[in-house]
Amino acid sequence: MKIAQIAPLYEAVPPRLYGGTERVVAHLTNALVDQGHAVTLFASADADTRAALVPVRAQALRLDPAPLKSDLAAHLALLDAVRERAGEFDVLHFHTDLLHFPFFEDIAQRTLTTLHGRLDLADLPLAYRRWHRFPLVSISQSQRAPLPFANWQATVPHGLDDAPYRFEPNPSGGYLAFLGRISPEKRPDRAIAIARRAGLPLRIAAKVDAADADYFERTIRPLLADPLVEFVGEIGDADKAAFLGQARALLFPIDWPEPFGLVMIEAMACGTPVIGWRCGSVPEVIEHGVSGLIVESEDEAAAAVHAVARLDRRAVRAAFDRRFSAQAMASAYVAQYRRLIGQDGDGRTHTARRAA
């Protein structure tokens with residue numbers, strides 16, 4: 001099939017540092033190419049991909065040093081570039097939330113939209129009722145809860161190429177890991193409290209967005225004085241495998257309806273079990289007692305820190321291979337593409353099969 005992948009422009013594909021959506025798009029795109037499809041990626045020019053690249057911006061927005069930028073203008077240019085070439089593709093796969101809806105309504109049946117963010121926002125129900133013809137994919141079942149009426153076609157969990165994530169069967173770090181973003185909903189303060197209760201070191205590798213700078217200064221920075229806590233800062237793929245692989249466990253103590261939680265499967269790929277809060281997608285990603293432990297209180301989490309050592313790290317990695325590989329994700333999406341354009345498994349359309 002001829003497939004267009006349309007990525008947001010906030011981060012490179014894959015991101016140089018923190019970033020979830022663009023990382024998933026990168027791994028999906030490469031896996032589709034490996035499966036023999038003709039894939040074109042619409043993204044910023046700093047993308048690293050095996051697909052044909054249509055660069056619509058010289059650099060991804062977040063790391064662009066220009067002091068003044070327009071996210072909206074950049075994404076309108078992206079959509080215009082896609083619209084100009086839309087006739088070249090069997091399927092247009094959007095990862096840009098609902099921004100494209102008004103511009104592609106006449107060919108909605110040839111599009112697939114993966115929603116990567118939270119959906120419990122006040123204005124979303126009206127929009128998804130208005131543009132109800134667009135086929136949608138969720139990344140977890142729990143993500144759908146605020147919009148049960150939407151045009152859901154499937155739930156496709158995220159997947160990753162295992163190459164950047166080296167399996168570590170015998171970690172020597174002896175620490176707990178927190179990886180992601182410093183924000184109230186990610187609860188780094190709760191991770192620090194859990195580490196203190198357990199009496200184990202905690203290493204925090206996270207970015208601080210401008211929107212969360214005040215929270216970091218007022219709430220988190222004072223907690224970093226604890227000798228058990230080390231703030232590493234934002235890290236990229238080159239450092240992630242060692243950071244996660246050497247950890248005793250990843251702490252994922254969220255306090256929001258997490259749509260997926262990519263860092264959980266990054267840890268699993270390294271063989272590192274996850275201690276996750278029963279919230280959002282966590283029960284769908286973690287197999288309790290296999291790839292990690294699901295908890296509901298700081299007391300449970302502190303106990304889990306010691307219990308998690310009994311989990312088999314090979315089984316953790318096997319859970320990743322079985323459920324969250326890039327190839328599994330790509331195959332699930334191909335099934336949706338074929339359904340959209342009326343293809344059977346042999347690649348012919350239903351009409352062509354009947355004619356034969």
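A: A salt bridge here is a side-chain nitrogen of Lys or Arg within 4 Å of a carboxyl oxygen of Asp or Glu. Glu-258 and Lys-186 meet that test, with their side chains at 3.0 Å, N to O. The model is predicted. This pair links distant parts of the chain, 72 residues apart. Glu-258 lies in the loop between β11 (249–252) and α7 (262–269). Lys-186 lies in the loop between β8 and α4 (188–198).

Buried or exposed? The cut-off for buried is under 20% relative accessible area. Glu-258 counts as buried because its relative accessibility is 6%. Lys-186 has a relative accessible area of 12%, so Lys-186 is buried too.

The whole structure holds 28 salt bridges. Another of them joins the side chains of Arg-181 and Asp-212 at 3.7 Å, N to O. Arg-181 belongs to strand β8 (residues 176–181), while Asp-212 is in the loop between β9 (202–207) and α5 (213–220). They are 31 residues apart, and this pair also links distant parts of the chain. Both partners are buried.

Next comes Glu-287 with Arg-322, whose closest N and O atoms are 2.7 Å apart. Glu-287 is in the loop between α8 (282–285) and β13, and Arg-322 is in helix α10 (residues 313–323). The two are 35 residues apart. Glu-287 has a relative accessible area of 23%, so this residue is partly exposed.

There is also a network. Salt bridges that share partners join Arg-23, Asp-237, Lys-240 and Glu-266.

Now the surroundings of Glu-287. This residue is in contact with Gly-292, which also touches Pro-273, Val-274, Ile-286 and Leu-311. Gly-292 is part of strand β13 (residues 292–295). Its relative accessible area is 0%, so Gly-292 is buried. Its C-alpha atom is 9.8 Å from that of Ala-307, 15 residues along the chain.

Finally, the nonpolar background. In soluble globular proteins, nonpolar side chains tend to be buried together. The largest nonpolar core in this model has 91 residues. Leu-202, Ile-204, Ile-265, Met-268, Ile-275 and Tyr-337 have the most contacts inside that core. Ile-204 touches a charged residue, Glu-230. Its other contacts include Phe-178, Ile-182, Ile-192 and Leu-224. Another core, of 28 residues, lies apart from the largest one and includes Leu-9, Val-82, Ile-107 and Tyr-128.

Terms used. Residues are numbered from 1 along each chain as its sequence is written. This is a predicted model: local features need pLDDT of at least 70, side-chain atom pairs count only at pLDDT 80 or more; totals for chains, interfaces and linings use all residues. Side-chain values use heavy atoms; hydrogens and water are left out. Helices (H or I, at least four residues) and strands (E, at least two) are DSSP runs, numbered from the N terminus. Buried means under 20% relative accessible area, exposed over 50%, partly exposed in between (1.4 Å probe, protein chains only). Contact means heavy atoms within 4.5 Å. A nonpolar core is a set of buried Ala, Val, Leu, Ile, Met, Phe, Trp, Tyr and Cys residues joined through side-chain atoms within 4.5 Å. Lists of a residue's contacts leave out its neighbours within four places in sequence.
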